Amino acid sequence: MRPLVEDLLRAQGYDFVPEPFSPWCRRLVHEPKPLGSSLAAFFGLIYIQDRSSMLPPLALNPAPGSAVLDMCASPGSKTGFLGQLVGPQGFVMGNEPNHTRLATLRQNLFTLNLLHTATCSYGGEALPLPSGMWNQIQLDPPCSGWGTVERHPDVLKLWQGDKVKPLVGIQRKLLEEAARLLAPGGRVVFSTCTTNVQENEEQVLWAQETLGLETAPIAPFAGFTFEEPYLPGCEGTLRVDPQASNAQGFFIAAFRKPQSAPVPEPGTDCEPGLAADILPRHHLAMAGFDPERLPEGEIAVVNEQAIFLQRFALDHFPKSFRWRGFPLGKAAGGEVRPSPRLRTLMPDYADGSHGTPCNGINMDDPAPVQALLTGQSLAVDTQEKELGLYFRGLPLGRLRVKGKRALWSEK
């Protein structure tokens, strides 16, 4: 699907080049208007972030189909990238303790159509999950942000002297919790957007000495220049040189929990379970979606909302653990009205040739798509209440049909 997304971007006048460190990443070289206003951004086909911010998920490098915990997830750039890396048969749990930031995280994952993600809101230093549950954890904790000084000049004034100490303490509590949650042999990637040695190399040494974690060396990424670690014993960690790399200052370290580390036996409160009504998958087909595209899991009805719950979460999360799966749309009377943005469950476009039915509108020019988003409608001849909207076969979303007009509506 990536070439079709590139076609959409280029059709709107954007240009970009591949990044040398990952086939998933592109660097923008021309924009006729801010990239955030593009159709690709609106429909969640791309996510805009700094080059350095892309590196921690790549350093964790989860295999397709694996499960990952992101302990400090909002706004969701790393959570979303991890979701891309593990694929629809994998699972990513994003935890965000701040409720305002949690809403941002959920909206971004929803726009990105990452059905195999879920969210929760706990203090990251005390997640009510069984010890040794995760093989892979992403930890991007609160930090002083010194690496963003070019965009935020005030960070050096805000975080000086004793003001940094509380951050150091929080980071250590989060590292300690990550060590508890890791299975023997599991890996956690710790990253910050600061150049402060107290929050970087000193934390690495503390995790080695206090938590018994082993440093797992990270190979340098192409397209970046890295500085030498500031302290001995931190070899194999990465410190991005912001000027030479044309990116934010960033620090990345990977730890492995020793294979011989003991794991406590789970208590009775760790038994998985779910208290919700379950809907059969075929209810999605009634709305013109392909239920076979759903990952493994169940559709639950919660407060008149159809929520997709991924199989890993159902099999591992304790009954007392509060979390939310992916919102599919409204549920009433045993039927589901999926969100217009639920593009990943749309069938492949059929143009009506060779006896196949036409299941949507396929645009070759982005201008009519842009017009729909500004409130204009299209004349259609159909008895359907909804039609798929495609760009050269690329699913974008669903149009509502009123009378003989199709329009974009998220209500």
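Count up the aromatic pairs here and you get 14, where rings of Phe, Tyr and Trp (its six-membered ring) pair if their centres lie within 6.5 Å. This is a predicted model, so local features need pLDDT of at least 70 and side-chain atom pairs count only at pLDDT 80 or more, while totals for chains, interfaces and linings use all residues. Residues are numbered from 1 along each chain as its sequence is written, and side-chain values use heavy atoms, with hydrogens and water left out.

- Phe42 and Trp408 pair up edge-to-face, 6.1 Å centre to centre with 65° between the planes; planes over 60 degrees apart count as edge-to-face, under 30 as stacked and the rest as tilted.
- Phe42 sits in helix H2 (residues 39–42) and Trp408 in the segment after strand E21 (405–407), so this pair ties together parts 366 residues apart in sequence. Helices (H or I, at least four residues) and strands (E, at least two) are DSSP runs, numbered from the N terminus.
- Phe42 is partly exposed at 27% relative accessibility, whereas Trp408 is buried at 12%. Buried means under 20% relative accessible area, exposed over 50%, and partly exposed in between (1.4 Å probe, protein chains only).
- One aromatic cluster is formed by Phe91, Tyr122, Trp134, Phe312, Phe317, Phe321 and Trp323.

- Ser74 and Pro75 are joined by a cis peptide bond, with omega about 10°.
- Asn113 isn't a glycine, yet has a positive phi of about 65°; Asn113 is buried, at 5% relative accessibility.
- Asn303 isn't a glycine either, and has a positive phi of about 50°; Asn303 is exposed, at 72%.
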